[in-house]
Amino acid sequence: MLNPSLPQKEDFPMTDTAQKTITGPIIRLHPGDNVVVARVDIPIGTKIPSENMVSRSQVSAGYKIAARKILKGEPILKYSVTIGFANVDIEPGTMVHSHN
């Protein structure tokens, strides 16, 4: 029997991944995200037409790239979930990691 005083499964809805899109070198996990994920290694200067930007950083596969300008203190959204906060202003096309 489930304990009603504990959180229940319905209290933690699953993230909808049906909206994930793969375009060129990146994956957009959710339309509301302000980052995309590099699908392959992306050199500086690579055009990413689906996001209307150019890579400003060398980005290894699996790392995040700012899809738009993210201001200092703003939440970083991946799968429409806050995964951190920007330590500095981050320009579109810049790799997003713990350093920023």
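Of the 100 residues of the protein, 34% are buried, a class defined by a relative accessible area under 20%, with exposed meaning over 50% and partly exposed lying in between (1.4 Å probe, protein chains only). The structure is a predicted model, in which local features need pLDDT of at least 70 and side-chain atom pairs count only at pLDDT 80 or more, while totals for chains, interfaces and linings use all residues. Residues are numbered from 1 along each chain as its sequence is written, and side-chain values use heavy atoms, with hydrogens and water left out.

The secondary structure consists of nine strands and zero helices, where strands (E, at least two residues) and helices (H or I, at least four) are DSSP runs numbered from the N terminus. Five of the strands form an open, antiparallel sheet in the order 1-2-3-6-9, strands being paired if DSSP finds at least two bridges between them. Strand 1 (21-23) and strand 9 (95-96) are the edge strands of this sheet, each pairing on one side only. Strand 1 pairs with strand 2 (residues 26-28) in the antiparallel sense over three bridges, and I26 in strand 2 is the bridge partner of T23.

E74 lies in the loop between strand 6 (64-66) and strand 7 (75-78) and is buried, with a relative accessible area of 19%. When residues up to four places away in sequence are not counted, E74 touches N34, R68, K69, G84, F85 and A86, contact meaning heavy atoms within 4.5 Å. The side chains of E74 and R68 are joined by a polar contact of 2.5 Å, that is, a pair of N or O atoms within 3.5 Å of which, within protein, one must be able to donate a hydrogen and the other to accept it, residues adjacent in sequence counting only if both atoms are side-chain atoms.
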